[in-house]
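Thanks, everyone. Have a look at the structure first.

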Amino acid sequence: MIAPEKNQKSRSRIQEICCRKPSQLLMSLLLPLVVIGGYFCPRIGFTVLGLITLFMVIAGFRGRFYCGWLCPMGAFHERFLGLFSLQRAILPVFKSSWFRWLLFVLMMGLMSSRLYLAWGDSKAIGAVFRMMWVLSTGLAIGLGLYFKPRVWCTVCPMGSLQGVSSRNTYLLTVEDSCVQCRKCWEVCPISTYPGAFKQEEGSGQVPSIECLRCSNCVVNCPKKALSFQ
Ligand code: SF4
Ligand code: SF4
């Protein structure tokens, strides 16, 4: 889905579902723990493995809910990087499948090869997981300072993994009462436009991989046309 081109600097009137912000602020503490603490104690990198297990379990019944509510990197970008970001519109290439899966293959290839070399040494394995977070965070900060702060989440390999493993799970539904006002697109952290999935008859559904289940659009839709399956 290609979002309408527009600068989204102002987000001051966005309403949010309760509990998401505190949950994100709490989880964002894990980012410095792994990135900085992992430098001194590499085994802290195993935190990443724990989080991968957590999101794969959650994806089984809530899709990319982990991305929207619990991901330490996503939370950091949304709550802190957003204070400094220029918030330019996300380029269509970030929404394209080929780019998403190319990045997935490259990053998973890098991680697999480093894990192969580190096999048998728990400190070295922990350091590999930390290294992947340092790399992802660096890329995400660079992109998020110019584009919307959660631009990385449109191509994050871990988000893609959750998206494909939950194709039919807890999908965002668009009722035909939608008037395609684009308010949902304005408040979406990854510039998904649910109104574009409206069907003339019956309800449309936003693909799992395109939605973090954050509920921003549900809360802000003036026609109450959005809900989760
Ligand atoms: S905010 Fe609601 S009415 Fe407006 S485009 Fe989105 S789903 Fe449709
Ligand atoms: S489509 Fe709605 S629920 Fe999904 S990420 Fe965007 S704002 Fe959040």
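Start with the shell around ligand 1: ten nonpolar residues, two polar and three charged. This is a predicted model, so keep that in mind throughout. The shell of ligand 1 has 15 residues. Closest are C178, C181, C184, G195 and C221.

Now ligand 2. Which residues come nearest to ligand 2? They are C188, C211, L212, C214 and C217, out of 15 around it. By class, that shell holds eleven nonpolar residues, three polar and one charged.

Next, the core. The largest nonpolar core counts 54 residues. Inside it, Y66, W152, C184, C217 and L226 have the most contacts. Several elements give at least two residues each, among them α2 (30-40), α3 (46-62), β1 (172-174) and α10 (216-220). Helix α7 gives the largest share, eight residues. Both domains take part: domain 1 (20-164) and domain 2 (172-228) each supply at least three residues.

Stay with L226 for a moment. What does L226 touch, beyond its neighbours within four places in sequence? The list is L172, T173, V174, C184, P194, C217, V218 and C221. C217 is on the ligand 2 list.

Last, helix α6, residues 97-118. It has 22 residues, so at 1.5 Å a residue it should span 32 Å. Its end C-alpha atoms are 31 Å apart, which agrees. After α6 comes G120, with a positive phi near 95°.

That's my tour. Questions, please.

Note on methods: Residues are numbered from 1 along each chain as its sequence is written. Chains are lettered from A and ligands numbered from 1 in the order in which they are written. This is a predicted model: local features need pLDDT of at least 70, side-chain atom pairs count only at pLDDT 80 or more; totals for chains, interfaces and linings use all residues. A nonpolar core is a set of buried Ala, Val, Leu, Ile, Met, Phe, Trp, Tyr and Cys residues joined through C-beta atoms within 7 Å. A residue is buried if 20 or more other C-beta atoms lie within 10 Å of its own, exposed if 12 or fewer, and partly exposed in between; C-beta atoms are placed from the backbone. Helices (H or I, at least four residues) and strands (E, at least two) are DSSP runs, numbered from the N terminus. Domain bounds come from an automatic or database domain assignment. Two residues are in contact if their C-beta atoms, placed from the backbone, lie within 7 Å. A residue is near a molecule or strand if its C-beta atom, placed from the backbone, lies within 6 Å of it. Ala, Val, Leu, Ile, Met, Phe, Trp, Tyr, Cys and Pro count as nonpolar, Asp, Glu, Lys and Arg as charged, and the others, Gly among them, as polar. The expected span of a helix is 1.5 Å times one less than its number of residues.
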